[in-house]
Amino acid sequence: MMELIAQNMAPIMFVSLIIFLLLGYPVAFSLAANGLLFFIIGVELAPLSGGNIYLDWPLLRALPDRFFNGVVSNETLLAVPFFTFMGIVLEKSGMAEDLLDTIGQLFGPIRGGLAYAVVIVGALLAATTGVVAASVIAMGLISLPIMLRYGYDRRLATGTIAASGTLAQIIPPSLVLIVLADQLGRSVGDMYKGALIPGLVLTGIYLLYIFVMSIIRPKSLPALPIEARTLGSGVTSLFVALAAGVAIFYLVLKWLYPTHGNNADILAAAVAVIAIYLVAVLDRMLKIGVMSRLAQQVVIVLIPPLALIFLVLGTIFLGIATPTEGGAMGAVGALVLAAGKGRLNLQVISQALSATTRLSAFVMFILIGARVFSLTFYGVNGHLWVEHLLTSLPGGEYGFLIAVSLLVFFLAFFLDFFELAFIIVPLLAPAAESLGIDLIWFGVILGVNMQTSFMHPPFGFALFYLRSVAPRESYIDRITGRSIAPVKTSQIYWGAVPFVGIQILMIAIVISFPQLVMHYKGAPIDPASITYEVPSGGMSLGSGSGFGELGGLGGSPYGQPGGDAPAEAAPGDSGGSGALDGPPDFGASAVDGPEPDAAEEQPAGDPGGGLSLDGPPPGLGGN
């Protein structure tokens with residue numbers, strides 16, 4: 001019996017961890033306690049395991065080093081507090097409120113305009129904050145009362161808000177992408193590039209769903225009444241402003257391209273955006289009337305967050321900054337935006353620092369617990385057990401991806417994305433790599449899948465966040481004076497179901513079309529297009545000139561004088577041209593062995609210049 005337990009320690013350990021978690025113990029402590037408990041058991045049962053357990057008491061001395069090198073000194077994880085701080089400061093700055101009001105007015109005249117605005121603002125907040133809780137709570141507080149005021153279906157309204165908030169999971173600079181890149185051992189910048197297009201495609205599918213619902217059930221997504229459009233009309237003025245921006249961009253690009261080359265387009269875009277923004281600000285301050293009020297508001301409200309997105313993501317994608325440096329610049333940019341709106345005070349900074357510290361400590365403790373667990377799990381060959389279990393699934397890499405997606409989807413009912421990333425991903429990555437799966441592609445699939453952990457009824461955190469700000473009792477609307485019925489928890493749950501289906505569809509799309517992610521590698525290089533050029537008068541592989549004069553290939557590798565150049569060059573060697581169409585003859589004295597005559601005693605069948613391990617290196621001797 002004990003031998004059976006010893007030989008199956010890995011699956012027993014994994015199941016016991018799940019039991020710990022289902023009993024409600026904190027994740028970090030469950031990981032550490034499970035690891036230490038099975039370390040003690042493993043040391044005692046090691047003699048009975050038949051060589052399957054490699055645990056001994058001195059191995060515990062490796063824990064401090066694992067903590068320091070794997071957690072404390074991990075510079076990638078510095079991006080987590082920076083982006084968290086940035087998101088919370090932006091939430092307090094009122095940026096979400098301004099965006100929702102402005103884009104809601106812009107799309108107000110069409111059916112579902114407020115729902116379109118919520119999805120678009122959710123994507124913008126995702127690209128600036130990267131924090132799901134901040135996005136869902138902000139949009140729930142601001143947009144839900146307006147949607148209820150004008151008769152939106154409760155399930156559709158709550159589902160749209162919750163789903164749009166979860167876009168912060170997959171659109172860079174998402175915190176989950178940082179953690180996944182760290183756990184998979186890949187670049188955060190590559191993970192951001194790979195996830196950008198799937199995130200935008202998912203946003204487009206949300207918008208398409210709203211469009212379809214506005215046709216099927218038009219009464220559930222009414223347009224804003226005229227009296228609610230306080231900014232009036234003026235879309236034509238906005239299009240004129242955009243056309244002017246494009247014209248400025250084109251002219252500046254032609255002017256800068258001869259001197260700045262590939263960077264000219266970025267500089268031209270910056271000049272065009274700044275010009276339109278200054279015109280809008282001056283038009284509002286001086287009341288000239290060049291732009292309509294709607295155009296002014298759209299330009300003034302949209303450009304600062306877009307500039308912040310470029311400051312963070314643009315610098316990362318262009319290779320100017322690392323993700324950690326991009327996060328630091330984003331935090332400074334958020335402080336500047338909040339100060340510009342007059343909402344930067346000691347209370348905002350205190351709340352942002354407090355929330356950032358809590359989240360960072362949460363991540364660090366889970367990582368430390370995961371290090372303890374993995375030390376024992378690897379000591380009982382758990383990684384080999386998981387890899388063998390997953391790589392033996394039918395269907396090859398697609399069978400593996402489908403099985404892993406189902407596993408993560410199920411576990412997401414009980415675990416949040418941090419716990420999934422620190423517990424499950426390190427076990428899945430070796431199996432994925434052994435099957436030849438690109439780990440950035442694999443990480444994006446997991447990221448889209450973990451997004452569902454926020455939407456699962458009844459455990460989804462986004463649903464909890466929305467429930468905390470949705471009205472629980474009837475209230476009198478301050479604008480219309482009508483009584484508004486409360487939002488039921490069942491309505492929030494049923495509203496989330498269609499969007500969970502959309503997220504599952506997105507997982508299938510990313511698996512089926514890997515190029516949505518693989519574009520991060522750039523265009524493939526055709527080997528036939530590669531040319532080799534050797535400078536004339538350069539090294540000659542068949543004579544004593546070139547490197548031989550420097551004591552290199554043409555002479556003794558240890559700097560001793562080389563032999564004389566051979567009277568006749570080897571085939572394919574055109575007298576010092578460095579030709580590559582024949583076997584090289586280095587024309588030098590041997591490194592260790594007989595002098596020049598040794599080269600003539602090569603074994604039969606060994607090409608001239610080849611390396612024989614049974615005697616002196618023949619290719620290095622002279623002729």
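Lys287 sits in the loop that joins H13 and H14. The model is a predicted one, and in it Lys287 has a positive phi of about 55 degrees, although Lys287 is not a glycine. Most residues other than glycine have a negative phi, and most peptide bonds are trans. Pro173 belongs to the loop between helix H9 (154–165) and helix H10 (175–184).

**Largest pocket**

The volume of the largest pocket is about 860 Å³. Its lining consists of 27 residues, and those nearest the pocket centre are Ala269, Val273, Ile303, Leu306 and Ala307. Two or more lining residues come from each of helix H6 (95–107), helix H7 (113–128), helix H12 (235–260), helix H13 (264–286) and helix H14 (293–317). By class, the lining has 26 nonpolar residues, 1 polar residue and no charged residues.

**Helix contacts**

| Helix pair | Angle | Axis separation |
|---|---|---|
| H5 (residues 79–92) and H15 (residues 323–340) | about 20 degrees | 8 Å |
| H2 (residues 9–22) and H16 (residues 346–379) | about 155 degrees | 9 Å |

Helix H5 packs on helix H15 at an angle of about 20 degrees, so H5 is roughly parallel to H15. The crossing of these two helices, H5 and H15, is left-handed. On the H5 side the contact is made by Ala79, Phe82, Phe83, Phe85, Met86, Val89 and Leu90. The H15 side includes Pro323, Thr324, Gly326, Gly327, Ala328, Gly330 and Ala331. Also among the H15 residues in this contact are Ala334, Leu335, Leu337 and Ala338. Sorted by class, the contact of H5 with H15 has 14 nonpolar, 4 polar and no charged residues.

For helix H2 and helix H16, the packing angle is about 155 degrees. H2 is therefore roughly antiparallel to H16, the cut-off for that term being an angle over 145 degrees. H2 crosses H16 in a left-handed sense. Which residues of H2 and H16 meet? From H2 they are Ala10, Met13, Phe14 and Leu17, and from H16 they are Phe373, Thr376 and Phe377. The contact of H2 with H16 comprises 6 nonpolar residues, 1 polar residue and no charged residues.

Key
Residues are numbered from 1 along each chain as its sequence is written. This is a predicted model: local features need pLDDT of at least 70, side-chain atom pairs count only at pLDDT 80 or more; totals for chains, interfaces and linings use all residues. Side-chain values use heavy atoms; hydrogens and water are left out. On a 1 Å grid over the protein atoms alone, a cavity is a set of points where a 1.4 Å probe fits but cannot get out, and a pocket is an open set with protein on both sides within 12 Å along at least five of seven lines; lining residues have an atom within 4 Å of a point. Grid points are joined across faces, edges and corners, and a volume is the space filled by probe spheres set on the points. Helices (H or I, at least four residues) and strands (E, at least two) are DSSP runs, numbered from the N terminus. Ala, Val, Leu, Ile, Met, Phe, Trp, Tyr, Cys and Pro count as nonpolar, Asp, Glu, Lys and Arg as charged, and the others, Gly among them, as polar. Axes are lines fitted to C-alpha atoms, for helices over the stretch in contact, and angles run from 0 to 180 degrees between N-to-C directions. Angles under 35 degrees count as roughly parallel, over 145 as roughly antiparallel, 65 to 115 as roughly perpendicular and the rest as oblique. A crossing is left-handed if the near helix is turned anticlockwise from the far one by less than a right angle, and right-handed if clockwise. Contact means heavy atoms within 4.5 Å.
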